[in-house]
Every structure is written in structure tokens, then in C-alpha cells.
Amino acid sequence: MDTPNIILSAKDLVVKFRVRNKELTAIRHISLDLFEGETLAIVGESGSGKTVLTKTFTGMLESNGRIDNGSIIFEGQELTKLKTDKQWETIRGAKISTVFQDPMTSLNPLKRIGIQITEVIEKHQKLPSAEAKKIALNLMERVGIKNAEQRFTDYPFQYSGGMRQRIVIAIALACKPRILICDEPTTALDVTIQAQILDLIRNLQREYGFTTIYITHDLGVVANVADRVAVMYAGQIVEYGTVREIFYDPKHPYTWALISSLPTLAEKDKPLYAIPGTPPTLFSDIKGDAFAPRNRYALKIDFEEEPPFYQVSPTHFAKTWLLDPRAPQAEPPDAVKIMRERGRKNTKQTSEAQQ
Amino acid sequence: MRGFMKGYVLKRILQSLVSVFLVSTLTVFLVFSCIPRQLVFKGDQMLQKLANRPDEYQDYKFRTWESLGYLDYITMKEYAQSIYGNDSDQVSTALQSGSSFYERFRAELQAKRYTVEAQPVTGYLYAYKDIPTMTRVLRWYANLVQVDHPWRVKDPNNPDLKRGYYFTKDWSGMPALAASGTLYKYQIWIDGSFPFLHQNIIHLYMGRSYPTYDGIPVLEVIGMGQGRTARREVTTKVGGQEVTFYTSIDEHTLKYKPDLDRLDKNKFEDNYADGNNIYQDPSMLGISFRIGIMSLILSLGIGLTIGVVAAMRKDKMFDKVTMGYIVFISSIPTLLYIALFARFGMKILGLPDKFPFLGAQNFLSYILPTLSLSLGGIAGEALWIRRYMVDQMNADYVKFARSKGLTQGEVFFRHIVRNALIPIVHSIPMAVIGTLAGALITESFYAVPGMGKMFPSSISDYNNAMIIALTFIFTFVSVFAIFLGDILVTIVDPRISLAARKEAR
């Protein structure tokens, strides 16, 4: 397996917001490499900074937010230096697109569907409207809209939720972007439509060869679509690795806690597991490991010093003192053990199948 | 879809008419039943002059009530005339004291449920009967629409009156359809004033004004010109000869006049010699509408612009100044900022701070009232559009449009403004029609002879017909303005269709 190309690389990124005259640090020293053609899932609870992180890739931070430190290199270009809409013009919507959570409200209710698609084509590819329409119709068919010609002039309210998400995806892909950021693309859809939309994105990814970033807190979606997973907590990535590594052999206690709270792993007649406590406030400096106060495996050092990343495998890293050779052996929760077992069986089956 | 829309529109029109009917019926009912009839004389000078002539005083009061529709009134003389003929000697015989006609009058009219009383000095009898309130309401509606036709004039002194329509030219040489036998001479004509094609066939009659603007139909009071009469030179043909004279008569209002005097015969070939004057200044309605519509255009133009810009520069200097202005205007009393503004306009710009100084003819008279009226309008429009814009700015589709790579400006003008305008559009017809009602405070401050004062003063003057007519007009136009607003919204917002029954996918 040859090393894939890095398409986007964030180094030591810090993002701060000014809220009611106080400084809030939403992203705390994140470094992340995105490989060409892969699907990366970013998971974490609300407020962990998933969305803020991806917003820095398209310069969509709210006006009170700023990148305080670090760099983002995309195709050799330093994205943190781009300030105005004009400078972002060639990136946003053209090379990096975003699909948002709620398709019901992502489209302008007063504009015809067709115009909302051709608008972005005309903007970035500077094509005459007749040609833009041709491309738009083609896209609509690709994302699975029947009689596209007819529905081109419809308004969003004449589309169902799933159909609208297809249109949103068509708009995001209109300029053949290199990276597609899907910010909880299926949260607002019902389960059957969810699967259709995920399939659609996967098929289109195969066809167009773009890189996908999923932001989600639905671990089911992650297991379905992702190649790699990054787990975020309180503005930091605490663990990342391939999807198998994160699900079958997690190392960070926060990842353990997440997996323990999966309802599918719960035992009958036992209460569902919930992570105790709340995430720390991001207004003040966090000392040590941010998860320590909620972590029953926390060591004394977790409260004093921030852990470094420990390498588990060439692709798997975790930011916890438990991996330090000096740390005592911690017994992971039952749910994680079940997952480990499944992982082992799975590997056996695949190797048997290969034989 | 269009078919559904037609059905809906018809239904709405019907509903509107029903609500107008209900409101005006209630008003007629309340005015006639709750206001004591004695109060209508409060402002009548004539009655005070008659104070020491009891017979005439009594007669005047009852005739006035009769004309206002409160009661039926009949004197002994009238009754005798109706029996013996107008000029019969028997009439004066009947009225002599001790005549048996007294007994007859009393008996016959009491049989008809009249109350019979004697005049204090002469002792002549008179009879009256109250008209029930419901009948008054019905009569109001029965008289509302008056249709002119060639058999309308019945003049016993002119049995040879021709009846029928013919084409002619009016005094300014424009083609017109005229008629004989009708009340009005000109039935349909064209001229240079809005709406260019005019008619006299259908008139609305809502009673006559009393005690203010005594005797004039109320619609004419608010619709006729004001100020001095405007005279112009007219050349017309009388008896085959060209005559030229100066007149202020508006030939289009000429009505049938039974008795022509010598002056009339010099000017007119036929019996249509009774016309209204042309005045130099516009009507109350006209002046209020001029000021109102100009200030509405200013309010929308300036208010919407600064509101949109304030939303685009939210929390920046421009936004703060705009918000400061809005808070200032809405928190201090209207009269105070109008007074401040008038002082500024007079001292610094040298504009008249009272409308009558330069009069309705002079453009300068309108400037300060119009601007004063816009001060509040600008604040209102700016406040609402800014608020709707800010609402829309946080909408998901705006985020998505930004992520498509559109610049802030493109997102604003292609996506946000139209969404934010929808609620504003809905209120525009109402605002346009609202100008007809006039602006009470501004108009009284600048002494503008407009509509603003009409409603309050007609209430304090007990001008019942005016109260009813204004209520009817304002209800009618408001209900239809709201309806018009709803139709406008369906044009700008595809989600709303008037075919409410047929649900979209």
C-alpha cells in the first residue's frame, strides 16, 4: 500500500471566538492530514468543535471568530491567509463544498431549484446560462431526480426532504470539488432516506473521486461510510485511526465512553450508559486532559499535564496517558471488550474468506 | 390552479362585502340609536337665530330631522295642499281657526299613528312619526346607489322634455355621451385628470352633511375642490349663436334645473344649468392623498434602503446611527418631533410652517408636512426591514448560499432581500390606502385642509351622515387593501397560493 497524497493539511490550528467580551477557544492546537479520496469521519459531542474545524477550511467562521494560530495548506495554498470573499472565491463552493444538516431549510424558499443550481455553476465556471442549465440537469439526474427537466422549474417546497438533500448535494458537487464536507447530512432525515443519501454520496465519490469529511455524532453512520475516524473532545482531536481501529480497538477513555453509550451494545434490563458530567467550559484555559474530570480511568497526571499523542499503529494515534509505558494497565469497559471480540471474529472471517 | 384562484378571489370578495355590510350597519344603528337627536343642532347657527320665533323654530327643527331621516313630518298646510291642490282657496279656508279641518287632520293622522301637536303661537297643527331604526338603516342602503336614467327627471312644467342619449362635445371640445331626461347632462366623458374616463351614471349617496357643510352630500364634501373658485373663458353655442363668457362652473356636473333665470338662458340651451364650481385647490381627499403618497414613497424608498444597509452593517456605526434614529422617533411624542422639524424647516430652509401661507397651489407648502409625515414612516420601515433581514441572515439557506462561494453582497441581494420583503409587501396596499384617511397630527400642526380632521370633527359636530359615510369608506377600502396585500404576497411568494384547498406536494 503506497502512501496516499495529502490533499489538505492543518497544523497546530487554534480558533478563538469573542463572545460577550470574553475569549472562547473553540479549537485547541489541532493537527490533521486529509488524504486524497478518503472518507474521514469527525465524531464528538455537541460543542466539541467539529463544525468550527471544518468551517476554517472554507473561511466560513462567524464574524466574531478568528484563526489565532496554525496553518491550513490546501493544494499548496495557505488558507489561513485568505480573508475576503474575493480571495475565497476560487476555493469555497468550487474546490471545497459543504452539505448542511437540514435540507428543509438549506434552499432559498423563493428561488426555483434550477436557478439555485445554475447560480453556482455560472459563478465559478463562468458559463452561459444555457450550458449551466445542461450541466444542472445532468447533475439532477445523477443525484436521482426523475424528470429533471420538469422539476428544474419547481420551488423547494414542492420537493420532499430527501429530494431536497439530493439537490443540496447536486449544488455542492456542481463544480466538481476536491473536498466535500458533510455536516451531519442525514440527521434531519428518516432512516430509510438516510441510507439512500449515504449511498448516493458514496457512489458519487467513487465517480468523481473527491474526498469526504463527515461530521456526525451518529456512530452508525461512521461505521457505514468512513475510512478513517477522528474523535474530538473539547476542541481537540483525542484519537484518530482507521474505522476498524477506532471501533474494535479504541484506546482513549473518551472513545471507550462513546462506544459504551451505543444503545445497540446495551444489555437487556440494564440502564443505558451515559457519560457522567458535562464538557468543560472553553472560556478558561484547560489544564491537563480535558476529559479527566469525567473519566473514571483518570490518572493523577491527567489533571496536571496534557497528554501527548501516542502511536498505536502507523495509522492509529491516541492522546491519553494510559498509553504511557509508566501507566497502570486499565481494564476497558465491557462494551469495548465486546467490540474487540467482534473485531477479532471479523478478522478471522475475512482471512478465512480470503483463503 | 387558476380556476381555484378565481373561486378563492370570489369568496374573498364576498366575505369582504359581508364584513363591510356588518360594520356599516352597526355604525348606522349605533349613530341613530345612541346619539340623542337633539344634539344634531349643537353647531347650527340658524336655529339660534330663530330662538325668539317659536313657530319657525319648531318647524325648522322638525324639517331638519325629517331630512336627516329621523322622522316623517307633515304640517296642516301641506296636508290641506295635498288634498285640495296647491293654490286652491280651500287651503286658506281650511287653515282658518275654528275650521273643521283641524278635527279632520287630527283624526286622520292619529289613525296613521302620527303624533299630532299644535304650534305654540298660531296654533296650526303638525304631525310627526318616528322612523324605526331598522327602517333608517334599510333606507340608508336603499339610497346608497343612485342610477341615472333618461326617465329620472319628472318636471310637470316641462312635459315636452326629450328623453334619450346623444353624442356631443363638452366645453373644452372633448367627446362625451350626454343625455336628456336624466339628472345629469353628461353621462360619460373624457378629460386629462385621473382616471381619464368619467361617468355620471352611478352615484353613491350617503346622506347630506349637517350641521357642518350644510346640505352638501357628504361624498362631495370630502371630494370637492377647496379655496377660491377657478374661472375660465368658455365659448359655446346658444341658439345657434356663439357666446363667450367667464365661468367657474364645471360643465360635467350640470344637473337639471326646473326654473331657468335670464342669466342661465344666456349660457345654456337646455334645462341643464345647475353645476358645481371648479375650485383652485384640490379636495380634502386630494390634499391628504398627495401628502400621504409622497411621504409613503419617501418612507419606503429611504426607510427600506437604510434598513437593508443597517442589516448588512449590523453592529457597525451605520447600524447604530440608524437604530438611534429609530429609537428617537419612536420614543418621543409625534407632536414634539414634528414641532422641532417644522422649526428647523422654517428657520434654516425658509419653508412655510403653515400650509395656508402659500396655499395648495404652491409646491413649497407640501414639503414640510410630507417630510414630517415621512420621519415616522422611515423609522418604521427601516426597523421592520432590518429586523426581517437579520432574521433571514441567520437562516440555513444563507449559510448554504455562502458556502456555495457567493460573496456577502451576492447573498444579500439575490437571496435575503426578497425573503425579507415579503412581510413588507403585504402591508403596502394598506399603507397606500391609509393615506386617504389623512394624518391627524401632522395635518392639524401645519393647518393642512385634509382628511385627518374629518373623522374626529364629524364626531364632535354630531355630523351623523359624515360619521357613517367615513366609516363605510374606510372599512370598505381597508378590507380590500388587506385582500390586495394577500394577492400581492402570492405574487412574490411561490409558497403561498390562493388555492388553499389544493395542497401542494
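Which domains does the domain assignment of chain B give? The answer is domain 1 (2-133), domain 2 (145-204 + 231-277) and domain 3 (284-460), with bounds that come from an automatic or database domain assignment. Welcome to a predicted model, in which local features need pLDDT of at least 70, side-chain atom pairs count only at pLDDT 80 or more, and totals for chains, interfaces and linings use all residues. Residues are numbered from 1 along each chain as its sequence is written, while chains are lettered from A and ligands numbered from 1 in the order in which they are written.

**Domains of the two chains**

- In chain B, the C-alpha centres of domain 1 and domain 2 are 32 Å apart.
- Chain A is split into domain 1 (6-226) and domain 2 (231-354), and their C-alpha centres are 28 Å apart.
- Where these two domains of chain A meet, domain 1 supplies 21 residues and domain 2 supplies 14 residues; residues are in contact if their C-beta atoms, placed from the backbone, lie within 7 Å.
- On the domain 1 side of that contact, strand E2 (22-35) of chain A gives the largest share, nine residues; helices (H or I, at least four residues) and strands (E, at least two) are DSSP runs, numbered from the N terminus.

**A UniProt annotation**

- An unreviewed UniProt entry lists residues 8-259 of chain A as "domain: ABC transporter"; UniProt positions follow the numbering used here, feature names are shortened, and annotations may be inferred rather than shown by experiment.
- Over residues 8-259, chain A is 39% helix and 28% strand, and the end C-alpha atoms are 29 Å apart.

**Where chain A meets chain B**

- This contact takes 25 residues from chain A and 21 residues from chain B.
- Helix H4 (113-125) of chain A gives the most to the chain A side, with three residues.
- By class, the chain A side has eleven nonpolar, nine polar and five charged residues; Ala, Val, Leu, Ile, Met, Phe, Trp, Tyr, Cys and Pro count as nonpolar, Asp, Glu, Lys and Arg as charged, and the others, Gly among them, as polar.

**Nonpolar cores**

- A nonpolar core is a set of buried Ala, Val, Leu, Ile, Met, Phe, Trp, Tyr and Cys residues joined through C-beta atoms within 7 Å; buried means that 20 or more other C-beta atoms lie within 10 Å of a residue's own, with C-beta atoms placed from the backbone.
- The largest core has 155 residues, and those touching the most other members include Ile42(A), Tyr214(A) and Ala469(B).
- Helix H13 (residues 363-393) of chain B provides the largest share of this core, twelve residues.
- A second, separate core of 15 residues includes Tyr79(B) and Phe101(B).

Technical notes
Buried ≥ 20, exposed ≤ 12 C-beta atoms within 10 Å, placed from the backbone.
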